[in-house]
Amino acid sequence: MLIRKPGDLRPSEITPRNVYLRRRDFMKAASALAVAGGIAIPEVHAQGRGPKLAVARNSPFSTIEEPTPYKDVTTYNNFYEFGTDKADPAKHAHRLKTRPWTVAVEGEVKRPKVYDVDELLKLAALEERIYRLRCVEGWSMVIPWIGFPLAEIIRQVEPTSRAKFVEFTTLYDRSRMPFTFMPVLDWPYVEGLRMDEALHPLAILCFGLYGEVLPNQNGAPVRIVVPWKYGFKSAKSIVKIRFTERQPRTSWEKAAPQEYGFYSNVNPEVDHPRWSQARERRIGEFLKRPTLLFNGYADQVAGLYGGMDLRRYF
Ligand SMILES: Nc1nc2c(c(=O)[nH]1)N[C@H]1C(S)=C(S)[C@@H](COP(=O)(O)O)O[C@H]1N2
Ligand SMILES: [Mo]
């Protein structure tokens with residue numbers, strides 16, 4: 001087994017897709033051998049079901065960690081509009097209608113625009129980014145996302161000098177989202193980033209995973225992925241992107257301000273008031289592993305928070 005030292009994403013860990021593919025071939029060969037020898041090794045990259053999404057280029061930002069199996073990525077989800085159980089989104093999200101779909105980009109910008117999602121999809125070259133996603137509840141996954149930097153769309157709409165934050169509003173459709181009848185959160189689900197966070201090259205607008213369009217339960221047709229923050233910052237099924245002068249009030253902050261801060265950077269040293277954040281369980285693994293500062297992306301993002309007290313701005 002490959003034992004890795006916990007640490008930051010090092011240049012040696014930045015794997016071009018050809019290496020990832022070679023590793024995949026190796027795994028295939030290994031499982032074929034194992035089958036020949038009578039030992040069953042589960043297919044690492046199970047086939048999905050969605051339409052394919054072509055990836056234009058390799059990303060230098062991918063981790064070489066083994067991706068979590070497709071089945072787990074698409075059946076163990078948080079998407080409270082479809083229920084609070086991990087299995088609920090996969091059961092109920094087929095009710096979401098993802099076309100036609102528009103995303104309004106507005107607020108403190110010189111060129112506000114309502115984008116059709118298919119137009120948005122073509123705005124920049126799609127890349128595969130294999131990122132860790134770490135949920136505040138203590139589990140984590142490694143997912144081959146498909147998207148492009150959020151910065152690409154920010155550039156297009158030309159934010160004014162007053163734009164200090166970006167607010168993401170997600171779909172609120174009572175007729176298709178059965179759990180929005182329950183006051184679990186103040187719907188619609190709203191998340192936010194500071195402008196420099198949104199402009200960071202690791203933050204992506206995401207349309208797919210595992211080479212296919214996003215399954216509904218993972219936030220179709222468009223979501224964000226912000227890999228150094230707890231999973232809830234990665235808002236799904238986005239309908240509005242608004243640039244603001246004031247820090248947006250997010251759904252989770254409204255629900256429990258002492259538990260969920262605006263920043264919510266993954267930080268093993270800052271506990272959630274009800275549990276420790278020091279360790280996490282990678283889905284599919286038995287033993288817990290230490291959680292890394294900024295989810296392992298400290299080399300790239302720590303500079304955004306220079307001089308900030310991360311216990312206060314949690
Ligand atoms: N609209 C919306 N977005 C959401 C959520 C949600 O409940 N509603 N859950 C968040 C949480 S808590 C996590 S951990 C991630 C999970 O993403 P995944 O199911 O694709 O792994 O989505 C985030 N985005
Ligand atoms: Mo989460």
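Select Asn295 and show what surrounds it: leaving aside neighbours within four places in sequence, Asn295 is in contact (heavy atoms within 4.5 Å) with Arg132, Leu133, Arg134, Pro227, Trp228 and Val266. A word on the ground rules: this is a predicted model, where local features need pLDDT of at least 70, side-chain atom pairs count only at pLDDT 80 or more, and totals for chains, interfaces and linings use all residues. Residues are numbered from 1 along each chain as its sequence is written, chains are lettered from A and ligands numbered from 1 in the order in which they are written, and side-chain values use heavy atoms, with hydrogens and water left out.

Stay on Asn295. Is this residue buried or exposed? Asn295 is buried, with a relative accessible area of 2%; buried means under 20%, exposed over 50%, and partly exposed in between (1.4 Å probe, protein chains only). Asn295 sits in the loop between strand S13 (289-290) and helix H8 (298-301). Helices here are DSSP runs of H or I with at least four residues, strands runs of E with at least two, numbered from the N terminus. Now pick out Pro227: its backbone oxygen lies 2.7 Å from a polar atom of the Asn295 side chain.

Next, select helix H5 (residues 150-157). Six of its eight residues are buried, so H5 is largely enclosed by the rest of the structure. Colour the buried ones: Leu150, Ala151, Glu152, Ile153, Ile154 and Val157. Then step on to Glu158, which follows H5 and has a positive phi, near 55°.

Now move to strand S6 (165-170). Six of the six residues of S6 are buried, so this strand too is largely enclosed by the rest of the structure. In a regular strand the side chains alternate between the two faces of the sheet.

Who are the partners of S6? Strands count as paired if DSSP finds at least two bridges between them. S6 runs antiparallel to S7, joined by five bridges, and here Thr169 stands opposite Val190. S6 also pairs with strand S11 (residues 238-244), again antiparallel, over six bridges; look for Glu167 and its bridge partner in S11, Arg242.

For the last stop, select Phe181, in the loop between S6 and strand S7 (190-194). Phe181 is exposed, with a relative accessible area of 54%.

How values were computed. Polar contact = N/O pair within 3.5 Å; in protein donor to acceptor, adjacent residues only side chain to side chain.
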